[in-house]
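Thanks for coming, everyone. Please put the structure up on the screen, and we will walk through a few spots.

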Amino acid sequence: MIRSDLSAYNWKRLEEAGYTTSSFGSADNAIFHYLAHLAVNQDVVVWDRDEEAFFVASELHGRIYRLHELGWKIRRVLEAAGAPDPDEVKARWLGKYNVDGVSPTEVARSGGAAYDSLLSRVEALVRMADSYLKPVVVDDLCGLPLEPMRQARLSAIEEQAAKLAKEKVAAALDRRNNLETSAREDLGPDANTWLNQNVPNASVSFLEWASETDGNLTQAFSFLRVATRERNARLAAAAAVQGYQRQLVDAAKRAFPDETRARLFVSSWHAKCDSPSALRSILDKLPKARR
């Protein structure tokens, strides 16, 4: 009881007169003695002699923060999991879950490495709760009713993997068709031979190699351009040789009245008639009078 009739007296003088601190004094005195009790018995506040004032113990701030931090993260996970009463589940977990023989509340009060370890486990659950576009699965559920959430994340990962595999197959087929179409347009009847030819320094065909990645496809088109230029050059050279050989046939027909002799002459020099200089050299061998 606080006796207002004695509040004007100094509490020390009243104690000397036989009164106890529980039976006299003002509200300030009651608060002072309560704070003194906390300072002595619970390490909640400390007395600063220089300032002649009580201050909240620095460790109390840490305790309060750790309890708040752990509690709101657990509640956040429970809400994401659709727990019917997150606050009730959280309170029960904080008081009863076994963390190496003590409750999460005691771990938070003590802090240190044990708290850091527990918080790391809880933060992994937060990441799982917050993961949607890129689902995260955590096996350590810290005794919380999160198995439905975990299964949902596993299902999401499987669906994404199946979708990615399907897209990968479709992309490979698209790259394959792209190269094959271009090769047939550029190489004509030589396309199959080139498509099934191995890539330099590799044991895989151009067609299979190009289907693997966009980068491979880009390089395959570079190889295709080279092959196309080489083929065009070969076709142009062959066409030129055919032109020289036709000139040889025409010239032989004019030089020899006998068709048999003309064919015999052409067959003798046909294979060697592969350039302008060769053509001129061969034509010089024909009878001059008939040229």
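Start with N201, which sits in the loop between helix 8 and helix 9 (206-212). Helices here are DSSP runs of H or I with at least four residues, strands are runs of E with at least two, and both are numbered from the N terminus.

A word on the source. This is a predicted model, where local features need pLDDT of at least 70, side-chain atom pairs count only at pLDDT 80 or more, and totals for chains, interfaces and linings use all residues. Residues are numbered from 1 along each chain as its sequence is written, and side-chain values use heavy atoms, with hydrogens and water left out.

Back to N201. Its phi is positive, about 65 degrees, although N201 is not a glycine. Why point that out? Because most residues other than glycine have a negative phi. Is N201 buried or exposed? N201 counts as exposed because its relative accessibility is 86%. The cut-offs, with a 1.4 Å probe and protein chains only: buried is under 20% relative accessible area, exposed is over 50%, partly exposed is in between.

Next, C142. This residue is in the loop between helix 6 (112-130) and helix 7. C142 is not a glycine either, and its phi is positive, near 55 degrees. C142 is buried, because its relative accessible area is 1%.

Now R153, in helix 7 (residues 147-187). R153 is buried and has no salt bridge. A salt bridge needs a side-chain nitrogen of Lys or Arg within 4 Å of a carboxyl oxygen of Asp or Glu. Where is the nearest side chain of opposite charge? That is D130, 7.0 Å away. Lys and Arg count as positive, Asp and Glu as negative; His and the chain ends are not counted. What R153 does have is a side-chain polar atom 2.9 Å from the backbone oxygen of S131.

On to W47, in strand 1 (residues 45-48). W47 counts as partly exposed because its relative accessibility is 37%. W47 and A36 are 11 residues apart in sequence, and their C-alpha atoms are 7.7 Å apart in space.

Last, the lining of the largest pocket. A pocket is an open set of points on a 1 Å grid over the protein atoms alone, where a 1.4 Å probe fits, with protein on both sides within 12 Å along at least five of seven lines; lining residues have an atom within 4 Å of a point. Which helix gives the largest share of the lining? Helix 10, with six residues.

Technical notes
A polar contact is a pair of N or O atoms within 3.5 Å; within protein, one must be able to donate a hydrogen and the other to accept it, and residues adjacent in sequence count only if both atoms are side-chain atoms.
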